[in-house]
Amino acid sequence: MTQMPPPPPSWQSYGQDQSFVPDAQKRWSGTAIAAFVLAVLGCLGITAPIALVLGVFGIVATKGGKRRGMGLAIASIPIALVTGAAAVVIGLSLIVFGRFVATSVSFAEALQGDEASIVRFYDLAQEQMSDDFREKVSSERLGVWFKAVQAKHGKFQNMVGDPVPAASKSSERGTIIPIDMKAQFASGTVAFRIIILQKGWLDLGLDDIEIDGSSPRDDSPPQPAD
């Protein structure tokens with residue numbers, strides 16, 4: 001006896017069972033959409049972890065074809081991981097940059113003062129200095145050097161022009177990054193160089209200061225012009 005195929009679903013079951021609803025007529029999952037949007041905006045920070053959670057809920061909400069948006073929910077998870085990592089990188093970079101900006105401002109203010117000002121800068125900015133610089137240059141030595149610089153060039157007035165990074169080079173201690181500038185003293189404009197030591201991605205430290213070729217690392221301070 002030939003078995004008859006099952007009858008087609010009635011119009012009542014068609015409206016109740018979502019498996020019979022055409023994809024174009026199914027409702028989108030708001031959770032999946034929100035997960036995808038927040039994942040794309042993950043570089044802003046907090047939206048990335050929220051997108052991860054919503055992505056999981058979005059997959060559950062769209063499982064079995066109950067709602068549209070399964071692809072968005074799935075895609076939101078790797079996108080949130082990438083943008084979230086980018087947010088961490090950007091955030092840490094801004095923190096390091098902000099600390100160096102604050103250090104630079106403090107250093108400029110110290111240069112406008114006297115020997116005591118440069119010593120106070122040293123005491124406040126030790127965390128922004130390389131270990132080698134702290135070991136070889138004490139606050140007293142920095143103060144004596146700066147006093148000798150002022151004796152030769154007069155009082156510091158201001159920086160001239162924009163900083164220009166010079167060619168970096170590798171060393172056993174890390175990457176040496178020189179930054180060249182010009183400083184205006186009472187006697188005129190002289191070469192001014194800041195040297196940064198980079199031991200890691202976010203491990204940066206002030207490694208040396210040079211004014212007119214003179215450094216506080218030198219054994220002899222600059223001599224006044226005749």
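Is arginine 173 buried, partly exposed or exposed, and what is its relative accessibility? In this predicted model, arginine 173 counts as partly exposed, with a relative accessibility of 34%.

**Salt bridges around aspartate 132**

The whole structure contains nine salt bridges. In one of them, arginine 173 pairs with aspartate 132, with 3.9 Å between the closest N and O atoms.

Lysine 136 and aspartate 132 are four residues apart in helix α6 (residues 131–136), so about one helical turn separates them. Aspartate 132 is buried, while lysine 136 is partly exposed.

These residues take part in a network of salt bridges that links Asp132, Lys136, Arg173, Asp207, Asp208 and Arg217.

**A bridge between two strands**

Aspartate 180 and arginine 193 form a salt bridge through their side chains, at 2.5 Å from N to O. Here too the pair links distant parts of the chain, with aspartate 180 in strand β3 and arginine 193 in strand β4 (residues 188–198), 13 residues apart.

**Accessibility of the residues described**

| Residue | Relative accessibility and class |
|---|---|
| Lysine 136 | 46%, partly exposed |
| Aspartate 132 | 16%, buried |
| Arginine 173 | 34%, partly exposed |
| Aspartate 180 | 28%, partly exposed |
| Arginine 193 | 26%, partly exposed |

Key:
Residues numbered from 1 in each chain as written. Predicted model: local features only at pLDDT ≥ 70, side-chain atom pairs only at ≥ 80, totals over all residues. Heavy atoms only, no water. Salt bridge = Lys/Arg side-chain N within 4 Å of Asp/Glu carboxyl O. Buried < 20%, exposed > 50% of the residue type's maximum accessible area, 1.4 Å probe, protein only.
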